[in-house]
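Here is a short report on one protein model. Look at the sequence and structure first, then read on.

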Amino acid sequence: MSAEDTVSDAAGAISADRFVEISYDDVIPNNVALGADKQLQRALETWRPNYLGWWNSMGPLGYQTSDVYLRTAVGVDPAGWAKFGYVKMPAYRWGILLAPKVEGRAIPFGRHKGEPAWQEVPGEHRALLRRLIVVQGDTEPASVEQQRFLGATAPSLYDMRNLFQVNVEEGRHLWAMVYLLVKYFGKDGREEAQALLERQSGQMDNPRILGAFNERTPDWLSFFMFTFFTDRDGKMQLAALAESGFDPLSRTCRFMLTEEAHHMFVGETGVQRTIEATCAAMVKAGIKDPHDVEAVRKLGVVDLPLLQRKLNFHASVTRDLFGSEISSNAAEAFGSGIKGRFNEANLKGDDHVLTDATYPVTRVVDGKLVEEQTPALRALNARLLDDFIVDCQGGVDRWNKSIDKSGVAFRFIQPHKGFNRRIGEFGGKRISPAGEALTEDEWKAKSGEWLPNDDDMQFIASLMKPCHEPGKYTSWIAPPRVGVNNQPGDFEYVKIA
Ligand code: BYC
């Protein structure tokens, strides 16, 4: 029996009771009655081999014939939407799943507030909507490309499996956006769907659209920081798009958010376990000073100041993904009812149209940071970025708690939002992590203390030794508290073929 059979059997068994709406008999599993729209089905079935070609040439390097213990979405019921089982990655059932339709849903914000949500693309907003769907779609394969080489240095089979889980789900998120493009945007949409497979992360001629998705993810610390910070940008953006007046986009994003939560879990616990290994090794060796980097590194663990530099890097690069703090694009997307604020429908205390509202935006004026009240409509990217920073703080606090518990004296701090930015108000300005405006010379003298330097990257690379024995972990990372789907500690998450 092939891995694909195992999953489809499992899904079939489930669909008999709770998940009747998902069709796993189709080549492309879906809950959008794909079989009833032959033209769309044909278009997606034409795209599918190109997607598989992309997966095989740009997806995870190696391990494609290994059985990986993966979860597959088999429903959209929050109480039980996934099924676990061994799957060979290329046989993963990438499906099209939308959250259930909310009958009578109205557009919750903008000029069209209160009108019935659109089931078809509103002609006047077509170009903007297409652009946002393409940008969202572009990040999904980009992240898979960035993480392509990590399997070979996985610190355990548990982590390797988590990497591949994230990768196949980013693949599914690409399918989600391609579905929207192909179903609602005709020939243009089909061309965009193809282009999503052609741009490549980091490529000079045809790079991915957004900056952070052209950075390398060269090691596992980068992967964990990426899934903590950058996948959280995914959460914020998807949440803003889930408010959309274009109902198919809203429903698609709502279901994607379920999967995104796991990616952030992988990031947060990955960093957490790295911290735990470091602190435990320091306590065991009697090292009290976290800044005694040489002594700490000799223990084969990552020193905490280096983790802070990695945090600074990933936080700042990810913040650029919010676009300019003050943006007429964002104002237009909101005004048109296409992209809301985080948690828009539940926000209390304003009219959700924002005609007269203001929002404080930090700007650099005459070399000083000042807060300016700005028309709220134009400050939506600033607001989403602020919400993101608050959301990140929860995880950073939990990391700090685990350092406290060990008795080591160290605290992680999120850098000031102006630190190391390329886009927006702070783009090209030199701001310290504490939020002071610096001269170029001051920046040059200090930035090696704030961002990972060559020595750091070489040290991290030296730690990236694979550990492929079930239940074992490399020195720099602690085992997880619980296994995936409650599997025992020595579970063979990847059967390496
Ligand atoms: N790099 O008015 P502006 C995820 C462009 S992550 C390069 O400042 P706007 C995931 C911008 O496109 C979530 N270019 O900002 C995570 C525009 O160009 P055009 C992804 C940039 O338009 C991990 C121009 O600058 N989803 O899902 O309000 C793993 C002026 O733009 C950048 C989304 O982002 C940049 N960093 O906002 C896997 C949601 N920033 O159009 C997946 C959809 C800006 O003039 N996208 N530019 O040629 C959006 O909502 C918006 O496009 C942005 C930009 C928030 C990205």
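## Confidence, a strand and a glutamate

The protein has a mean pLDDT of 93, and 95% of its residues reach 70 or more; pLDDT is the predictor's confidence in each residue, from 0 to 100. Over residues 1-20 the pLDDT is below 50. Beyond near neighbours in sequence, this stretch has 31 contacts in the model, a contact being heavy atoms within 4.5 Å. Where pLDDT is low, the predicted coordinates should not be read in detail.

This is a predicted model: local features need pLDDT of at least 70, side-chain atom pairs count only at pLDDT 80 or more, and totals for chains, interfaces and linings use all residues. Residues are numbered from 1 along each chain as its sequence is written, and side-chain values use heavy atoms, with hydrogens and water left out.

Now to strand β1, residues 67-73. Strands are DSSP runs (E, at least two residues), numbered from the N terminus. Six of the seven residues in β1 are buried, meaning under 20% relative accessible area (1.4 Å probe, protein chains only). Strands pair if DSSP finds at least two bridges between them.

| Partner of β1 | Bridges | Bridge pair |
|---|---|---|
| β2 (residues 82-88) | seven | V68 and V87 |
| β5 (residues 494-495) | two | D67 and K495 |

Next, is E425 buried or exposed? E425 is buried, with a relative accessible area of 15%. E425 lies in the loop between α11 (380-406) and α12 (440-450); helices are DSSP runs too (H or I, at least four residues). Leaving out residues up to four places away in sequence, E425 touches E325, I326, V361, T362, R363 and V364. The side chains of E425 and R363 are joined by a polar contact of 3.0 Å. A polar contact is a pair of N or O atoms within 3.5 Å; within protein, one must be able to donate a hydrogen and the other to accept it, and residues adjacent in sequence count only if both atoms are side-chain atoms.

Terms used
Buried < 20%, exposed > 50% of the residue type's maximum accessible area, 1.4 Å probe, protein only.
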